[in-house]
Amino acid sequence: MTAIWAGIDAGRTHHHCVVIDDTGKRLLSRRVPNDETELLKLLADVLALGDEVTWGIDLADGGAALLIDLLLNHGQHTLYIPGRAVSRASEGYRGEGKTDAKDAAIIADQARIRRDLQPLRPGDELVAEIKVHTGHRRDLADDRTRVINRLHNHLTSIFPALDRALDLTNTGPLILLTGYQTPAAIRRTGARRLETWLRNRKVRGAVQLAEKALAAAESQHTSVTGEKPTAQLVHTLAKEVMRLNEQVAETDKLIEARFREHKHAEVIASMPGIGPLLGAEFLAATGGDMTAFDSPDRLAGFSGVAPAPRDSGKINGNLHRPKRYSRRLQRVFYTSALISIRCCDESRHFYDRKRAEGKRHTQAVLALARRRVNVLWALLRDGRCYEPIPPVTNAA
C-alpha cells in the first residue's frame with residue numbers, strides 16, 4: 001500500500017497542491033482554480049498517485065469550504081494545519097523565500113510527520129447556520145462601533161457639550177440627533193417642545209434627555225465653521241446607527257431561535273452566565289461536538305483559559321497566557337464568568353476566594369473561567385443540566 005500526503009495552500013480564488021511520498025519527494029505540484037470541476041480533477045489525479053492519501057490544509061472555512069466539503073464527501077482523511085503553525089514550521093525548511101508551492105509542500109510534510117493535528121469532520125448543518133449568523137452579528141456590531149465613533153467625532157467638532165452629555169449606545173440620544181444637532185436649534189425649540197417631540201417618538205426619559213440637551217445648548221453660543229454640513233452628516237450617522245441596532249436585534253432573535261433547536265442547547269444554557277448568544281458562540285467555535293476534545297484540559301487550552309508553561313533551565317513554574325487559542329471561545333468563557341459572578345453564589349464565592357489569595361481581578365476571572373470549562377465539559381459529556389450545590393446546613 002502506497003501512502004502519500006497532499007498539502008493544500010488554500011486561497012480565495014486559487015489553491016496550490018503539493019503531493020509527497022514517505023521520503024518527502026514531490027509527486028505533484030499544481031495550482032488549481034477554486035472551482036468544483038477543477039478540484040474534482042485534482043482529487044482524481046492525486047488518488048491515482050497512491051493507495052492511501054492524507055490531506056493537509058491551512059484553512060478550515062471561507063475560501064477552502066468548497067474543497068473541504070468535496071474531500072469529506074469523498075471520504076478523504078483531511079487534517080487542519082493553522083496558518084501560524086505553517087509559518088513557524090517554514091523556518092525549519094531550506095530557503096528564505098515564500099511561495100504558495102513551498103507552503104503547500106510544508107503543509108504536506110507537516111501532515112506526514114505530525115501526530116497532533118486536528119482532523120476535519122463533516123459539519124452539522126445547524127451549527128454551520130449558527131456560525132454564519134454569529135459571524136454576521138459580529139460584523140454588524142463592528143460596523144456599529146465604527147459608525148458610533150465617527151458620529152462622536154463629527155458631533156464633537158460642532159457641539160462638544162452635547163457629545164459629552166449623550167450616551168450614543170442608547171436609542172433616545174440617537175433619536176434626538178435625527179432632529180436636532182446644533183445648539184441654536186435646541187435653544188429655539190425649548191425644553192417643553194423638545195420634550196414633547198421626544199415623547200411623540202416614544203423616547204424613554206424624555207424629560208431628562210431634553211434637560212440635558214438644553215443645558216448643553218445653553219453652554220455654547222458659538223456657531224462653528226462647517227456646522228451645517230456636519231450637522232447633516234450627524235443626522236445621517238445617527239440614522240445609520242439606529243438601522244444597525246435594528247439589524248443586530250433581528251439577528252439576535254434568529255440566533256436564539258436556531259440555538260434553541262440544538263440538542264445541547266438546554267445543557268449549555270443551564271450554566272449560569274451563558275445565554276443564547278454566548279451559547280451560540282460556543283457552538284460556532286467548537287462545532288458542538290465534545291468528541292473533538294478528549295479532556296477538559298484540551299478544551300481549556302483551545303479556549304485560551306489555561307496558562308502555558310515557559311520553563312527553561314532553573315526556571316520552573318513560569319506560566320504565561322498562550323498565544324495560540326480561539327479568541328472567540330475565550331470571550332465566551334471569560335464573559336460568562338463575569339456574568340456568573342453577579343448571578344451565581346458559587347461563582348461569586350470562588351472569585352472572592354481567588355481575590356483573597358492575592359490574584360488580580362482578571363486573574364481571578366480567568367481562574368473561574370477555567371473551572372467552568374471543567375463543569376461544562378462534564379455536563380455535555382453526561383448530557384445533564386447544571387444544578388447548583390445546595391447550601392450545607394448544620395445539624396441541630
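Author: A residue is called buried when its relative accessible area is under 20%, exposed when it is over 50%, and partly exposed in between, using a 1.4 Å probe and protein chains only. The model is predicted, so local features need pLDDT of at least 70 and side-chain atom pairs count only at pLDDT 80 or more, while totals for chains, interfaces and linings use all residues. Residues are numbered from 1 along each chain as its sequence is written, and side-chain values use heavy atoms, leaving out hydrogens and water.

The whole structure holds 3 aromatic pairs. Rings of Phe, Tyr and Trp (its six-membered ring) pair if their centres lie within 6.5 Å; planes under 30 degrees apart are stacked, over 60 edge-to-face, and the rest tilted. One of the pairs joins Phe282 to Phe333, edge-to-face, with 6.0 Å between centres and 85° between planes. Phe282 belongs to helix α12 (residues 276–286) and Phe333 to helix α14 (residues 327–343), so this pair ties together parts 51 residues apart in sequence. Helices here are DSSP runs (H or I, at least four residues), numbered from the N terminus. Both Phe282 and Phe333 are buried.

Phe293 and Phe302 form a pair as well: their ring centres are 5.5 Å apart and their planes stand at 40°, so the pair is tilted. Phe293 is buried because its relative accessibility is 8%, whereas Phe302, at 33%, counts as partly exposed.

Phe302 and Phe333 also take part in a helix contact. Contact means heavy atoms within 4.5 Å. From α13, Leu299, Phe302 and Ser303 meet Leu329, Gln330 and Phe333 of α14. These residues comprise 4 nonpolar, 2 polar and no charged. In that count, Ala, Val, Leu, Ile, Met, Phe, Trp, Tyr, Cys and Pro are nonpolar, Asp, Glu, Lys and Arg are charged, and the others, Gly among them, are polar.

The axes of helix α13 (residues 296–303) and α14 come within 7 Å and cross at roughly 105°. That makes α13 roughly perpendicular to α14, a label for angles of 65 to 115 degrees. The axes are lines fitted to C-alpha atoms over the stretch in contact, with angles from 0 to 180 degrees between N-to-C directions.

Trp197 counts as buried because its relative accessibility is 16%. Beyond its neighbours within four places in sequence, Trp197 is in contact with Ile175, Leu176, Thr178, Gly179 and Tyr180.

Notes:
Helix = DSSP H or I, 4+ residues; strand = E, 2+ residues; numbered from the N terminus. Parallel < 35°, antiparallel > 145°, perpendicular 65-115°, else oblique.
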